Amino acid sequence: MLGAGNFAQKQPPATLYLAATDAAKLATWEDIVIKKLAFVLSCAAALCVTSAFAQDKNLEKLGGFKTTGTPMMEPIPQTGEHAEALKAIAAKIKVPDGFKVNLYAIVPDARHMAVGPQGVVTFVGTRKELVYSMTDRNKDRVADDVKVFAPSIKMAVPNGVCFSRDGHLYVVEQNRVLWFPGAEFFYEGPDVAASTIVKQGELIPASNESFNHTARTCRVGPDNRIYITIGQPFNVPAPELLPEFEKLGIGGIISMKQDGTDRKIYARGMRNPLGLDFNPKDKTLWVNDNQVDGMGDTIPPGEMNRVTGPDQNFGFPWYGGGKVRTIEYKDATVPEGVIFPEVEQEAHAADLGLSFYTGKQFPEKYRGGVFSTQHGSWNRVDPVGARVMFTPLKADGTADKTEVFADGWLNENGEYLGRPVDVQVLKDGSLLVSDDLAGAVWRISYGD
């Protein structure tokens, strides 16, 4: 097999002779490289097919309540020097008087979360290949058991996790949706009841798969349908791609029944929608959408959008964020009825998670409002973000002024100590904040 050293250390001969069963054949050096690369790629493809087949067989077994022979993975250690270092970070986070921040769990690559309806376990997605479960067995408000969930199933970017009210867990991957009925009951062992409701390659066409903007999120709505964010794979897409994206719901939010049928496009005109939640009072859907890069440090603003009904358009790619027109579409005609953001957020702070506060532990000021996270900028000269924000609501259900709630993961030297991703309310009314840089989940509580 050709290695990098062969290219660096030797000048290849102009021609080489390749033996064949039928006759000797003259080939150039480039021919050999191409043939060897083709062989390697074909072997890799065969391995992928074999692996995919094995995974499909595992899903078939799990769907029939059969064991797969998968060993249990070791729990993630929750004590020791690493835990103490994370606790030191928690002590640096600034919150309003009466609140405190503690380390809830060590969870590698922690992204979006789903709190079990029975309060038994919380699931944590990642942008890699694993989903984790967190269990606080002794109810001291610290998780003492963190382990990989459903290790017999190989996943790809299982970022989105969400529960139905009756205890069904859904995991939305880059291009597949899995269903885990009774997840709070079956999660303890390596084999769990599981099924596929959207097959691999059917959430979006495989040709549109990308490493960019494919971390999905999901919620089960008041109508018991699953709502899924579908980010589009470009900073700003070319005009010729828009018809297909519009048809598929790429760059928006889709919904479907809990069995994966009756897929509909719910919202359009978004670039990379992420955290989403329904207001329990008026059933409106709120969602963060990340704005266009490359236009400067202070423009365009990020967006928190309020979706009041189906088929609304929120302006992308004609607008890059707020009312700032994109360079690529500055002369294009904007569709009628475009809706501007409910909240304009600081540019490039990367607002991700979003949840309505439904608990009773926090003071009255916070009840019914929106907590959201800022992951932190990656391309600003002066970085911003890495904090938890709070947006109260007015009497008519619209947003009031957003304020900083928890800050300090970005220190005075411009160094990230952590990068908040998602925020979810625990059964006791405290707030969980996931952090994929620190590999942790923080808990914010009020009072004793």
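Tutor: Rings of Phe, Tyr and Trp count as a pair if their centres lie within 6.5 Å, and in this predicted model the structure holds 26 aromatic pairs.

Student: What makes the pair of Phe 99 and Phe 405 edge-to-face?

Tutor: The ring centres of Phe 99 and Phe 405 are 5.1 Å apart, and the planes stand at 85°; since planes over 60 degrees apart count as edge-to-face, the pair is therefore called edge-to-face.

Student: Which parts of the chain does that pair link?

Tutor: Phe 99 belongs to strand S3 (residues 99–106) and Phe 405 to strand S26 (residues 403–407), so that distant parts of the chain, 306 residues apart, are linked by the pair. Both Phe 99 and Phe 405 are buried.

Student: Why is the pair of Phe 123 and Phe 163 called tilted?

Tutor: The angle between the planes of Phe 123 and Phe 163 is 45°, with 5.8 Å from centre to centre; planes under 30 degrees apart would count as stacked and those over 60 as edge-to-face, so the rest, this pair included, are tilted. Phe 123 lies in strand S5 and Phe 163 in strand S8, so the pair ties together parts 40 residues apart in sequence.

Student: Which residues form one aromatic cluster?

Tutor: One aromatic cluster is formed by Phe 99, Tyr 357, Phe 362, Tyr 366, Phe 371, Phe 390, Phe 405 and Tyr 446.

Student: How do you know that the charged end of Arg 419 sits over the ring of Tyr 416?

Tutor: The charged end of Arg 419 is 4.6 Å from the ring centre of Tyr 416, which meets the distance cut-off of within 6 Å. Arg 325 likewise lies over the face of Tyr 319, at 5.4 Å from the ring centre.

Key: Residues numbered from 1 in each chain as written. Predicted model: local features only at pLDDT ≥ 70, side-chain atom pairs only at ≥ 80, totals over all residues. Heavy atoms only, no water. Phe/Tyr/Trp six-rings, centres within 6.5 Å; stacked < 30°, edge-to-face > 60°. Helix = DSSP H or I, 4+ residues; strand = E, 2+ residues; numbered from the N terminus. Buried < 20%, exposed > 50% of the residue type's maximum accessible area, 1.4 Å probe, protein only. Lys NZ or Arg CZ within 6 Å of the ring centre and 35° of its normal.
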